[in-house]
Amino acid sequence: MKPQTIPIYTQTEADYSVGNIRALLTEIAARLERLANDGTSASIDLNSLPFAPGEYERLRHALGKGEVSAHIEAIGPSEITETRYPGVWWVTHYNVEGDIVADMLEITTAPEILSSQPDDIRSGLALLHIQLKEEVQQ
Amino acid sequence: MNDHDAPIHEKNSHEFPIHETLGDSLAQQGISRRAFLKFCTAMASLMALPPGTATAIAEALVKAKRPSVIWLSFQECTGCTESLTRSYSPTLENMIFNMISLDYHHTLQAASGYGAEKSREDAMKNFFGKYLLVVDGSIPMNNGGVYSTIAGRTNLDLLHEVAKGAAAIIAVGTCASFGGIPNAKPNPTGAVAVSDIIKDKPIINISGCPPIPAVITGVLAHYLTFGGLPELDDLGRPKSFYGETIHDRCYRRPFYDQGKFAKTFDDEGARNGWCLFELGCKGPVTHNACATTKWNGGTSFPIESGHGCLGCSEPHFWDAGSFYSALSMPASPLKYVAGAAVAGAAAGVAVSIGNRIKKGTAKSAHQKATIEDLEK
């Protein structure tokens with residue numbers, strides 16, 4: 001049985017807080033200001049932060065969902081969502097078993113993982129040439 | 001390809017030849033560079049490196065050669081291997097087939113008897129000076145070390161032989177790192193740590209009973225990425241995982257600062273999730289990553305489940321008094337007082353004030369407050 005399937009639900013009472021969310025939102029605001037001013041991108045690794053029970057869910061709620069969401073299938077799924085604050089992206093990578101392997105907030109115009117990688121472009125181009133050759137032969 | 005690679009390559013039954021780089025083997029499997037970048041993002045997170053370093057890690061890892069790894073299990077309970085095989089990121093299969101060449105591990109390998117020992121001897125011969133030696137379990141020294149033997153040889157004998165050609169030694173678990181439970185009083189077998197015996201090789205201690213699986217894989221990933229061992233603390237542990245105490249990163253820390261403590265496991269304070277210091281939590285003197293990396297795929301860690309930290313990644317944690325006695329003078333080796341309630345009540349107020357003073361000083365000097373400072 002996987003831990004995620006155990007029917008335990010975290011308590012998210014509004015009055016239970018140790019102040020992490022406010023601190024994190026302040027950091028996000030500071031980094032977003034830099035992005036707006038000089039285009040500097042930043043990332044926050046959520047796995048490294050000590051969340052109290054329920055705070056992770058409260059952060060999700062606080063940032064909400066924006067206009068863009070993308071799904072990647074590469075050695076397990078990845079979910080990329082722009083929050084309701086443009087420039088603040090929530091990037092969650094899963095492995096093939098469905099466990100979270102990386103969970104980040106990226107403050108950028110677009111997360112790098114969404115871009116086509118030069119090596120992949122080159123190998124894709126080679127495949128396209130092969131296909132073109134076959135088309136011509138037919 | 002160097003001279004050492006050929007023989008084991010021929011006999012190696014792994015899907016990917018041992019001399020290939022990680023990048024080669026990934027390309028052969030049809031893993032895209034985007035997928036690899038994702039993998040490296042996970043590795044950066046694992047190694048507690050800044051998130052932006054994933055691209056640099058990808059560049060380094062793609063050129064990395066898979067090192068041969070010999071894993072020796074001595075006086076242990078197999079809990080460390082159990083922990084590693086439940087490592088969720090990266091999966092063990094990924095690690096074994098893509099990152100390292102695990103040439104000997106007597107619990108996991110298919111070979112047995114002479115065949116098993118031969119694969120160890122081959123790896124030692126072919127990669128002399130280059131292989132990584134991983135040890136879990138302590139080494140018994142009494143009566144010539146007869147209390148634990150493998151293939152008729154004592155652990156002591158085997159360790160001396162295999163350590164000779166190792167590039168570095170990774171001591172996995174508190175037993176291999178500090179002697180652990182076998183070393184606890186009265187220590188009938190004379191159990192000691194790897195570092196008590198081997199003095200001429202770099203040794204990295206990954207303590208914990210068991211260690212966090214992600215920390216084991218993270219250290220291996222660091223070795224591959226940077227070609228060396230990470231920065232270590234004064235007990236030989238990687239600072240990226242053991243640099244801070246459980247207490248430093250505990251989500252209940254604000255309650256400690258406010259002097260709000262649970263007095264029993266079922267009182268109002270316990271139900272409100274207050275600090276477990278007075279119930280014997282060893283978080284303030286225990287260096288480990290449980291509070292952030294957590295266990296079971298990031299589900300929780302002991303304090304989140306309502307129980308104090310036992311201090312299992314520190315030397316002599318088993319002999320340091322009751323797990324339920326509050327810390328009095330937290331320094332290494334751990335020391336405790338019997339009267340938890342008395343110590344706790346005093347600590348509640350005094351610590352909180354002392355802590356604030358020290359925090360202010362440390363902040364201005366950019367230094368960390370030590371536990372000794374906190375408890376003054």
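Me: Which way do strand 3 and strand 4 of chain A pair?
Reply: The model is predicted. In it, strand 3 of chain A and strand 4 (residues 88-94) of chain A pair in the antiparallel sense. Five bridges join them. Take one facing pair: Ser78(A) stands opposite His93(A) in strand 4 of chain A.

Me: What should I look for in the hairpin of these strands?
Reply: Look at the residues between the strands. Here there are five, and Gly87(A) takes a positive phi near 100°.

Me: What does strand 3 of chain A do with strand 2 of chain A?
Reply: Strand 2 (residues 69-73) and strand 3 (residues 77-82) of chain A also pair in the antiparallel sense, over five bridges. His71(A) stands opposite Glu79(A) in strand 3 of chain A. Their hairpin has three residues between the strands. Ile75(A) takes a positive phi near 40° there.

Me: Where do side chains point along a strand?
Reply: In a regular strand they alternate between the two faces of the sheet.

Me: Which domains make up chain B?
Reply: Domain 1 (5-242) and domain 2 (246-375). Contact involves 16 residues of domain 1 and twelve of domain 2. Helix 9 (173-178), helix 11 (213-226) and helix 12 (239-242) of chain B each supply at least two residues of the domain 1 side. That side has ten nonpolar, three polar and three charged residues.

Note on methods:
Residues are numbered from 1 along each chain as its sequence is written. Chains are lettered from A and ligands numbered from 1 in the order in which they are written. This is a predicted model: local features need pLDDT of at least 70, side-chain atom pairs count only at pLDDT 80 or more; totals for chains, interfaces and linings use all residues. Domain bounds come from an automatic or database domain assignment. Two residues are in contact if their C-beta atoms, placed from the backbone, lie within 7 Å. Helices (H or I, at least four residues) and strands (E, at least two) are DSSP runs, numbered from the N terminus. Ala, Val, Leu, Ile, Met, Phe, Trp, Tyr, Cys and Pro count as nonpolar, Asp, Glu, Lys and Arg as charged, and the others, Gly among them, as polar. Two strands pair if DSSP finds at least two bridges between them.
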